[in-house]
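This report describes the fold, the packing and two individual positions of a single protein chain. The sequence and the coordinates are shown first.

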Amino acid sequence: MDKLVIPTPEFSLKLPISGETVKYRPFLVREEKLLLMLKEAKDNTMIIDNLKKIMQLCILDNTSVANISYADFEFLFLNMRVRSIGETIDLETECESCGKKTPCVIDLNQVTEEMEKSSVPDKTVMLTNEIGVIVKPLELRNASAISNLTEKDQLKIVAAFIDKIFTEKDVSSFTELSSDHQLAFIDSLSMKHISMIMERVSQFPRLKADIQYVCTHCQHNGNIQVEGLDNFFI
Ligand SMILES: [Zn+2]
């Protein structure tokens, strides 16, 4: 008998933020094993680096996972997971009424559909009549650095979301400015400017789910909001 292998299915997916289409295959058993190992890991940088490697193996066109936004990365991961492992995640939550642990289920198709329905916001934020910024969603390369920053580092956080600065005459790419110029600009922002920028950034599509549960102890009908990749893992 000739060597026999199961053909791997291929899927196409439009990323909600970049609008680009990616061709991918589901995770195979060897990759699922790596994912299970990552599930136990605590170091965010290590988890994201390894997820990038695993996902790049599953991408069948020339899309580079390093160049997509963090939310597109999460969206692609979830779709790969749905195709390979299944459409639901069972987890436990603390009942908001009796405080005991009760099981609940995340429907991942519902999560990805919600994200597909949301649209990318207007990226232009006017800070004064003459000066404005173009914001960008969280980039994958900044994701682990940002997750390690705290409230105190708000200026560093805001810098990660500025794509361009413009005046009536001029547009500059923020990352191409010297660090002196970057710092001077960030230092000139008021709290109001920062919240205007962060408010717009928060409107970019991202993975979140509203989950209804019925407590197995007290029959309370509750709901929880789940967000972020750690909750949508395996
Ligand atoms: Zn309860």
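The structure is a predicted model, in which local features need pLDDT of at least 70 and side-chain atom pairs count only at pLDDT 80 or more, while totals for chains, interfaces and linings use all residues. Residue numbers start from 1 along each chain as its sequence is written.

**Overall architecture**

The secondary structure comprises 8 helices and 10 strands; these are DSSP runs numbered from the N terminus, with at least four residues (H or I) for a helix and at least two (E) for a strand. Along the principal axes, the C-alpha atoms occupy a box of roughly 70 × 60 × 30 Å. Of the 234 residues, 22% count as buried. Among contacts with a separation of 6 or more, 65% join residues 24 or more positions apart; a contact requires C-beta atoms, placed from the backbone, within 7 Å.

**Domains and their contact**

The chain is divided into domain 1 (11-118 + 206-231) and domain 2 (124-201), with bounds from an automatic or database domain assignment. Their C-alpha centres are 28 Å apart. Domain 1 contributes 10 residues to the contact and domain 2 contributes 9 residues. On the side of domain 1 that touches domain 2, H2 and H3 each supply at least two residues. The residues of that side comprise 7 nonpolar, 3 polar and no charged, where Ala, Val, Leu, Ile, Met, Phe, Trp, Tyr, Cys and Pro count as nonpolar, Asp, Glu, Lys and Arg as charged, and the others, Gly among them, as polar.

Helix H2 (residues 44-58) and helix H3 (residues 70-84) have axes that come within 11 Å and cross at roughly 60°. Such axes are lines fitted to C-alpha atoms over the stretch in contact, and angles run from 0 to 180 degrees between N-to-C directions. Leu51, Met55 and Cys58 of H2 meet Leu76, Phe77 and Met80 of H3. By class, this contact has 6 nonpolar, no polar and no charged residues.

The largest nonpolar core has 34 residues, and those touching the most other members are Met55, Ala71, Phe73, Phe75, Leu76, Phe77 and Met80. A core of this kind is a set of buried Ala, Val, Leu, Ile, Met, Phe, Trp, Tyr and Cys residues joined through C-beta atoms within 7 Å. H3 gives the most to this core, with 8 residues. The core draws at least three residues from each of domain 1 and domain 2. Apart from neighbours within four places in sequence, Met55 is in contact with Val65, Leu76, Phe77 and Met80.

The C-alpha atoms of Pro7 and Glu31, 24 residues apart along the chain, are separated by 16 Å. Gln219 has a positive phi of about 60° although it is not a glycine. Most residues other than glycine have a negative phi.

Methods: Two residues are in contact if their C-beta atoms, placed from the backbone, lie within 7 Å. A residue is buried if 20 or more other C-beta atoms lie within 10 Å of its own, exposed if 12 or fewer, and partly exposed in between; C-beta atoms are placed from the backbone.
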